[in-house]
Amino acid sequence: MGIINAKQVLSDIYGLMMEINLHRADEDVLEDLKENPDPLIENHLLKIKQLKAKLKAEANRVLFQKAIEQIKILKQQGIEEIKNIFNPEEQVQLMPLFRKFEELTKDDEAAILEDQELLYFMEILKNRIDENPEQ
Amino acid sequence: MKAGQYYHSNQIRLAQLVDADWIVALAKCKEHINWRLKQKTLSGAHAASNLGSDPVEHYLGLSYEKILTGEWEWKTEYCLAEQMIRIANSCISKEVEKAKSVKGESFKILYRNIEEEFYDLADPPQTLADINLYEAKLHNIETAISGDEQLEFLVEAIKEGKKRTEIADLMDIKPRQFDKLREKLIRRVRTHQSSVK
């Protein structure tokens, strides 16, 4: 065996181990861990859950800020002006949501994120305004 | 920690995962990093000491953080384990590049054929001490597997430059049996190492 080959053979053995590892069946991996629990993996699973929660909270905060800004902009435009973007049929369909939006007070703003219906309505308004810039 | 540009698109797939999916991906990625670091230590400087934490933990953490935050796109064609392995590979390579270059390089996301990437072309050893070290390591493996025909065949096939699918064809074995060989090789080498100590 040549001198350089020893290094290359070692590298290829490690490479083969990596390749076999990627192709392992999920059930075999889980079975192995059942027999030999790995605290490091359990620890990282916990970290994943913590990070997911943290990122979701941050995403909600950003969404909330955007929603508040959007409400301000929409209210400044005037509700009657906004209604004109929609045809009469759409106005009838969206009437309950228009009413809800008009009655929105500052105290309600904190609850906006919980109100999927209202968020959806605001998305419709925003998209329609973007499509009709002259309004 | 800020959400990256792929946060929302990654979330769609992430929302479908259960704990078992994460556990499998973590286990595969952890084992991959172990082998990758061994390989990179052969190929050149790996600045693990600069990381400020255990290198396996460090890269394992990065591999899922970048998917969760959306800094990396979770490509639809890859399973979670493969995407995490690709991220770990990229981060390890970047660290090696930093170690080799004073200035370092800007972060690049490279998508290469992962199966080719397993097999690094090792640089020739630089010193006599290196040469002796690699020969001793290989000798150690060969001694450990001595007497096991399948493992001996496996190492001989590797020496001839054969890859996983070619070896499986030559040995006429299925992927699951291949995995048993992997376990056997690891066990044999570990047992041999502890008997030498």
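In this predicted model, 39 residues of chain A are in contact with 50 residues of chain B, two residues being in contact if their C-beta atoms, placed from the backbone, lie within 7 Å. Local features need pLDDT of at least 70 and side-chain atom pairs count only at pLDDT 80 or more, while totals for chains, interfaces and linings use all residues. Residues are numbered from 1 along each chain as its sequence is written, with chains lettered from A and ligands numbered from 1 in the order in which they are written.

**Side of chain A that touches chain B**
- At least two residues of this side come from each of α1 (3-22), α2 (26-35) and α3 (39-77) of chain A; helices are DSSP runs (H or I, at least four residues), numbered from the N terminus.
- The largest share, 19 residues, is supplied by α1(A).
- By class, this side has 23 nonpolar, 6 polar and 10 charged residues; Ala, Val, Leu, Ile, Met, Phe, Trp, Tyr, Cys and Pro count as nonpolar, Asp, Glu, Lys and Arg as charged, and the others, Gly among them, as polar.

**Helix packing in chain B**
- Helix α6 (residues 128-145) and helix α7 (residues 149-159) of chain B pack at an angle of about 150°, and their axes are 9 Å apart. Axes are lines fitted to C-alpha atoms, for helices over the stretch in contact, and angles run from 0 to 180 degrees between N-to-C directions.
- α6(B) and α7(B) are therefore roughly antiparallel to each other (angles over 145 degrees).
- α6(B) contributes B:Ile141, B:Glu142 and B:Ile145 to the contact, and α7(B) contributes B:Leu151, B:Glu152 and B:Val155.

**Confidence in chain A**
- Chain A has a mean pLDDT of 81, and 87% of its residues reach 70 or more; pLDDT is the predictor's confidence in each residue, from 0 to 100.

Key. Parallel < 35°, antiparallel > 145°, perpendicular 65-115°, else oblique.
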